[in-house]
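Me: Can you walk me through this model? I'd like to start with the rings.

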Amino acid sequence: FGTDRLLNVDDEGNAAFGDVRGEDKVTYGIASVSIPHIHKEGSLERPKRRMMIWPPIDEDPNKHIVIHKLTPLELSDWIRNSRIEEGEGLLFIHGFNVTFNEAVWRAAQICHDLKFTGLKLCYSWSSCGKVQSYAADEATIDWSEEHLRTFLTQVTTKLGLSRLHIIAHSMGNRALLGVLENWVNLPGSTPISQVVLAAPDVDAGRFRQISRIFEKYEQVTL
């Protein structure tokens, strides 16, 4: 994964990413995620929310999609751990009102349901993860565009992928389309192939302007 959220490390050394902006840079890392055997395609199995006065229900790997460990890495270590000799990559970029963990759960679910065997990637920008914070997320997605460009540059030039496919949802499309509008595929780098724009939260006129560059990619699906 890559993210521009603030990294928090507790006294026991466990890493977590909150809902506020980080230090104007990309943090790279690996998330260990499991999918339960009872998983149904398209579902995101998580503990059901209960009344505030009751304690939260514990995660159960046999019933829920669970993040077991988050490991932030220096860029060089992340490249060494992520690089593959042969294969494709699939990147998920989330939308408005999504926490870091929710983004990773969804990325894992999508890759699992698509039976994708290549490198599974998630970029999580600093959404507040709150319905009432739409305006704040609008400002943040603009701030995150350059960070996404940095992440995509590393993915397409350092990981040895034959092709990269991208799925962006909701407001995440704003950053992605802003990057793709001026994207230059360098010689020897990984080409961006399939691009899926799921429910893009983008002004219609602006979308038509950017759509002029869609022919550069193998297929763009709205």
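Me: What lies over the face of tryptophan 105, and at what distance from the ring centre?
Reply: Arginine 46 does, at 3.7 Å from the ring centre. Keep in mind that this is a predicted model.

Me: How many aromatic pairs does the structure hold?
Reply: Nine. One of them joins phenylalanine 1 and phenylalanine 17. This pair is edge-to-face, with 5.6 Å centre to centre and 80° between the planes.

Me: Which parts of the chain does that pair link?
Reply: Distant ones. Phenylalanine 1 is in the segment before strand 1, and phenylalanine 17 is in strand 3, 16 residues apart.

Me: Are those two buried or exposed?
Reply: Phenylalanine 1 and phenylalanine 17 are both buried.

Me: What about phenylalanine 1 and phenylalanine 100: what kind of pair do they form?
Reply: An edge-to-face one, 5.2 Å centre to centre, with 80° between the planes. Here too the pair links distant parts of the chain. Phenylalanine 100 is in helix 2, 99 residues from phenylalanine 1. Both are buried.

Me: Which residues do ring pairs link into a cluster?
Reply: Tyr28, Trp78, Tyr123 and Phe151.

Me: Switching topic. Where does serine 124 lie?
Reply: In strand 7, which covers residues 119–124.

Me: Why does serine 124 count as buried?
Reply: Because its relative accessibility is 0%, and buried means under 20%.

Me: What is serine 124 in contact with, leaving aside neighbours within four places in sequence?
Reply: Gly2, Thr3, Asp4, Arg5, His94, Phe100 and Ala103. Phe100 is also the ring that pairs with phenylalanine 1.

Technical notes: Residues are numbered from 1 along each chain as its sequence is written. This is a predicted model: local features need pLDDT of at least 70, side-chain atom pairs count only at pLDDT 80 or more; totals for chains, interfaces and linings use all residues. Side-chain values use heavy atoms; hydrogens and water are left out. Rings of Phe, Tyr and Trp (its six-membered ring) pair if their centres lie within 6.5 Å; planes under 30 degrees apart count as stacked, over 60 as edge-to-face and the rest as tilted. Helices (H or I, at least four residues) and strands (E, at least two) are DSSP runs, numbered from the N terminus. Buried means under 20% relative accessible area, exposed over 50%, partly exposed in between (1.4 Å probe, protein chains only). A charge sits over a ring if NZ of Lys or CZ of Arg is within 6 Å of the ring centre and within 35 degrees of the ring normal. Contact means heavy atoms within 4.5 Å.
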